[in-house]
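Student: I would like to learn how to read a few features of a protein model. Could we start with what it takes to call a residue buried?

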Amino acid sequence: MTAKIIDGKALSSKLRIAFRARVSKLIDQGVRPGLAVILLGDNAASRVYVRNKINACDDCGLKSFPHLLPPETSEEELLEIIAKLNEDEAVHGILVQLPLPSHIDMRKILESIAVDKDVDGFHLYNVGSLVVGNSIFPPCTPYGVQLLLDTTGIDVAGKNVVVVGASNIVGKPMALMLLQKEATVTVCHAKTRDLAQYTILADILIVAAGVPGLITGQLVKRDAIVIDVGINKLPDGRIVGDVDFASVQQRASWVTPVPGGVGPMTVTMLIENTLRSAERRAGIGRGIGTEGWDAASH
């Protein structure tokens with residue numbers, strides 16, 4: 001049996017319809033949600049990501065505040081910009097596009113963003129809050145993956161989940177979020193020996209390793225759910241994930257495509273977190289959140 005497609009693009013479109021209604025409600029109360037996006041340098045991929053985020057703001061009715069800075073911008077100058085945005089009442093979310101140039105201390109920059117505007121979910125407060133299951137802003141990619149899993153209608157509680165990749169941006173927070181859902185979670189990484197012995201036992205396999213075609217059908221348990229977070233550009237220009245889609249689709253029950261799976265959800269959850277920030281400030285709730293999400297109603 002061929003695996004069903006978990007369509008991130010379709011779910012993202014549905015969510016954005018709901019977002020527009022929430023933006024309208026905020027505007028009626030005199031609040032226009034605003035997202036500041038900071039980009040240093042001329043990294044081509046980063047410019048594409050920033051453009052997608054600004055377009056998403058436009059699509060949902062948010063105001064964007066782009067700050068496109070030259071690569072030689074100093075750490076002190078960047079900190080000054082963030083300090084001003086922290087105080088700006090029109091800005092509800094601040095995002096610094098990664099990676100940063102080598103002369104910039106990434107952790108110092110991320111920690112300078114006000115906790116209540118950390119819509120990327122990278123501040124130590126938000127990361128630490130994941131441990132106790134009370135993060136204000138869940139990191140966008142794991143947050144999107146969680147909602148994609150919810151659309152399958154399969155409860156993750158008690159399931160064996162294997163996360164391939166232990167980054168601070170995806171792998172680690174993803175594991176923490178799934179633990180809160182009472183899944184049994186194993187995290188594999190570059191030093192893991194005999195990866196197959198772990199992946200073949202996974203009821204749910206989430207791959208975020210940055211290695212094209214790392215996971216083939218032989219490494220996947222029959223009828224598993226496979227989430228491919230990887231986005232890799234091949235020499236011929238094709239965009240592929242970390243999963244060999246053709247072979248995995250013959251064994252899995254559900255699988256995300258690349259592109260069109262996790263990618264659209266990452267940007268959409270950034271908008272969701274910005275909306276939640278604006279709604280918190282307006283005192284009208286916290287938005288969707290990571291609890292109580294009803295996939296069937298969206």
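Tutor: A residue counts as buried when its relative accessible area is under 20%. One caution before applying that: this is a predicted model.

Student: Is Val-229 buried or exposed?

Tutor: Val-229 has a relative accessibility of 13%, so it counts as buried, given the cut-off of under 20%.

Student: Where is Val-229 found, and which residues does Val-229 touch?

Tutor: Val-229 sits in the loop between β8 and β9. Not counting residues up to four places away in sequence, Val-229 touches Thr-141, Val-145, Val-170, Ile-206, Val-207, Ala-208 and Val-262. There is also a C-alpha distance to note: Val-229 and Pro-142 are 87 residues apart along the chain, and their C-alpha atoms are separated by 9.2 Å.

Student: Which residues does UniProt list for "binding site"?

Tutor: The unreviewed UniProt entry lists Gly-165, Ala-166, Ser-167 and Ile-231. Of these, Ser-167 and Ile-231 are included in the lining of the largest pocket.

Student: Where is Gly-165 found, and is Gly-165 buried or exposed?

Tutor: Gly-165 belongs to the loop between β5 (160-164) and α7 (171-180). Its relative accessible area is 8%, so Gly-165 is buried. Leaving out residues up to four places away in sequence, Gly-165 touches Gly-171, Val-187, Cys-188 and Ala-208.

Student: And where does Ile-231 lie?

Tutor: Ile-231 lies in the loop between β8 (225-228) and β9 (232-233). With residues up to four places away in sequence not counted, Ile-231 touches Ile-239 and Val-240.

Student: What does UniProt place at residues 139-281?

Tutor: The unreviewed entry places the feature "domain: Tetrahydrofolate dehydrogenase/cyclohydrolase NAD(P)-binding" there. The span of residues 139-281 is 36% helix and 17% strand, and its end C-alpha atoms lie 20 Å apart.

Student: What describes two packed helices?

Tutor: Two values do: the angle between the axes and the distance between the axes. Here, take helix α1 (residues 8-28) and helix α6 (residues 140-151), whose axes come within 11 Å and cross at roughly 100°. Angles of 65 to 115 degrees count as roughly perpendicular, so α1 is roughly perpendicular to α6.

Student: Which residues make the contact of α1 with α6?

Tutor: From α1 they are Gly-8, Leu-11 and Leu-15, and from α6 they are Leu-147, Leu-148 and Thr-151. Sorted by class, the contact of α1 with α6 has four nonpolar, two polar and no charged residues.

How values were computed. Residues numbered from 1 in each chain as written. Predicted model: local features only at pLDDT ≥ 70, side-chain atom pairs only at ≥ 80, totals over all residues. Heavy atoms only, no water. UniProt positions renumbered as here; feature names shortened; annotations may be inferred. Helix = DSSP H or I, 4+ residues; strand = E, 2+ residues; numbered from the N terminus. Axes fitted to C-alpha atoms, helices over the stretch in contact; angles between N-to-C directions. Parallel < 35°, antiparallel > 145°, perpendicular 65-115°, else oblique. Contact = heavy atoms within 4.5 Å. Nonpolar A, V, L, I, M, F, W, Y, C, P; charged D, E, K, R; others polar. 1 Å grid on protein atoms, 1.4 Å probe; cavity = no way out; pocket = protein on both sides within 12 Å on 5 of 7 lines; lining within 4 Å. Buried < 20%, exposed > 50% of the residue type's maximum accessible area, 1.4 Å probe, protein only.
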